[in-house]
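Reader: I am new to this structure and would like to learn how to read its features one by one. Could you take me through them, giving the general idea before each case?

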Amino acid sequence: MGIAGCLGDDVDPEEDNPLDEGGDGGSNDDREHHIDVGTSAGGTMDVGLAVEQGVAEESDVLSYSTVESPGYVGSTYRMNDDAFDAAFIDGNTMNKARGGLDMFEEDPVDQLPWQGMLAFPYSIYMMARDGTGIETFDDLAGASVYPAEPGYSTRATTLDVFRQDPVADVYEEMDIVDMNVADAPGAMEEERIDAAIAYGTPGVGNTGWVREYDARIGVHYVEHTDALVEAIESFPGAGLTIYDDDPGETFAWDQDIGADEIATWDLNVTIAAHPETADEAIYELCRVGAEHGDTIRSAEERFTPEDAEGLVQGALDGYPFHPGAAEFYQEQGVWNDDWVVGARDRIGEYFE
């Protein structure tokens with residue numbers, strides 16, 4: 001299932017450590033540089049494999065191998081253990097690692113994954129089962145609400161938004177449901193879940209388990225309130241987008257969701273780099289992403305950047321960029337002078 005923060009098989013960071021071998025990851029490829037990239041299962045894996053294909057077809061100096069990794073949070077910890085050279089990690093997780101928040105408060109990392117390039121966005125919003133009487137966000141008080149599976153970044157970001165002061169009182173009265181995403185469509189059909197998040201990439205469609213409940217039961221959009229919009233705007237780990245041009249079509253719903261406008265809280269899923277990964281390797285990865293996005297999209301349309309400017313959409317202020325990425329963006333004229341270039345002799349200094 002295409003999903004942010006999905007869980008995969010564990011990867012032993014002590015085995016085949018790419019950084020122990022000078023970054024070649026055990027590859028027999030004769031290209032100058034090789035990177036192993038941690039990638040969650042499902043839709044994120046699909047994008048990772050598409051980027052791997054793009055690099056294989058469009059680069060003479062870089063080779064790329066996809067390594068399954070247990071979600072975006074897991075990838076942050078694995079990169080901290082030098083398990084691979086880069087990984088798919090969302091901006092909210094990176095911000096939490098920098099600030100020592102949530103799971104990183106009790107188990108902090110010693111080094112941050114550095115910014116590389118945007119891969120795709122996930123836009124999140126609320127849907128309710130028909131017949132529940134839920135029409136607006138305020139109606140979720142007292143309802144059984146499914147914010148995705150525990151451990152998923154989409155769930156963590158959703159609950160972070162709901163905890164903001166403008167809507168915290170509604171959140172406190174919700175009955176939050178914990179279960180695997182594979183079981184959620186059936187639970188909705190059995191009326192054990194009143195409302196659930198939906199999410200997907202705009203213009204491409206929703207993720208797999210959302211498509212499943214779309215096919216099985218009648219649902220409708222939970223109308224956003226001014227307070228919810230304020231909550232999204234006040235939370236630094238997500239962006240706000242208002243879709244007012246046929247939002248049902250934007251996310252490829254099979255049914256009429258009863259909305260002319262929807263508000264989403266957005267996660268940016270990036271390919272972040274280990275601080276010690278060679279500058280030339282990350283520079284080349286960004287070059288392929290900027291110049292050959294069509295090649296990547298031919299394998300997976302969820303990869304959205306179309307040029308260098310697209311690769312830096314949603315970049316985090318005050319958070320280090322990998323020097324190879326920074327060099328490429330500076331050459332392309334899309335660099336913001338307020339951004340930070342990571343320095344390897346200051347790796348431990350970029351925390352808040």
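Reader: How many salt bridges does a search of the whole structure find?

Author: A salt bridge is a side-chain nitrogen of Lys or Arg within 4 Å of a carboxyl oxygen of Asp or Glu, and a search of the whole structure finds 16 of them. Please keep in mind that this is a predicted model, in which local features need pLDDT of at least 70 and side-chain atom pairs count only at pLDDT 80 or more, while totals for chains, interfaces and linings use all residues. Residues are numbered from 1 along each chain as its sequence is written, and side-chain values use heavy atoms, with hydrogens and water left out.

Reader: How many helices and strands are there in the chain?

Author: Helices (H or I, at least four residues) and strands (E, at least two) are DSSP runs, numbered from the N terminus, and the chain has 14 helices and 13 strands. Its radius of gyration, which is taken over C-alpha atoms, is 20 Å, close to the 20 Å that the globule rule gives for 352 residues, so the chain is as compact as a globular protein of that length. The rule itself is 2.2 Å times the number of residues to the power 0.38. Along its principal axes the C-alpha trace spans about 60 × 40 × 40 Å.

Reader: What share of the residues in the chain is buried?

Author: Buried means under 20% relative accessible area, exposed means over 50%, and partly exposed lies in between (1.4 Å probe, protein chains only). In this chain, buried residues make up 59% of the 352 residues.

Reader: Which parts does the salt bridge between Arg 129 and Glu 191 tie together?

Author: The side chains of Arg 129 and Glu 191 meet with N and O 4.0 Å apart. Arg 129 lies in strand E4 (residues 114–129) and Glu 191 in the loop between helix H7 (184–189) and strand E7 (195–201), so the pair ties together parts that are 62 residues apart in sequence. The two partners can also be read by their accessibility: Arg 129 is buried at 9%, whereas Glu 191 is exposed at 56%. As a matter of backbone, Glu 191 has a positive phi of about 65° although it is not a glycine.

Reader: Where does Asp 102 lie, and what is its salt-bridge partner?

Author: Asp 102 lies in the loop between helix H3 (91–99) and helix H4 (103–106), and its side chain meets that of Lys 96 in a salt bridge of 2.8 Å, N to O. Asp 102 is partly exposed, with a relative accessible area of 41%, while Lys 96 is buried at 7%. The phi of Asp 102 is near 55°, a positive value in a residue other than glycine.

Reader: What span should the 13 residues of H11 have?

Author: The expected span of a helix is 1.5 Å times one less than its number of residues. For H11 that rule gives 18 Å, and the end C-alpha atoms are 18 Å apart, which agrees. Among the buried residues of H11 are Ala 281, Leu 285 and Val 288, and Glu 284 in this helix is also buried, at 9%.

Reader: Which residues is Glu 284 in contact with, leaving aside its neighbours within four places in sequence?

Author: Contact means heavy atoms within 4.5 Å, and with those neighbours left aside, Glu 284 is in contact with Ser 59, Asp 60, Val 61 and Leu 62.

Reader: Is His 274 buried or exposed, and what does its side chain join?

Author: His 274, found in the loop between strand E11 (262–273) and helix H11 (279–291), counts as buried at 1% relative accessibility. A polar contact is a pair of N or O atoms within 3.5 Å; within protein, one must be able to donate a hydrogen and the other to accept it, and residues adjacent in sequence count only if both atoms are side-chain atoms. Such a contact, of 3.1 Å, joins the side chains of His 274 and Gln 111.
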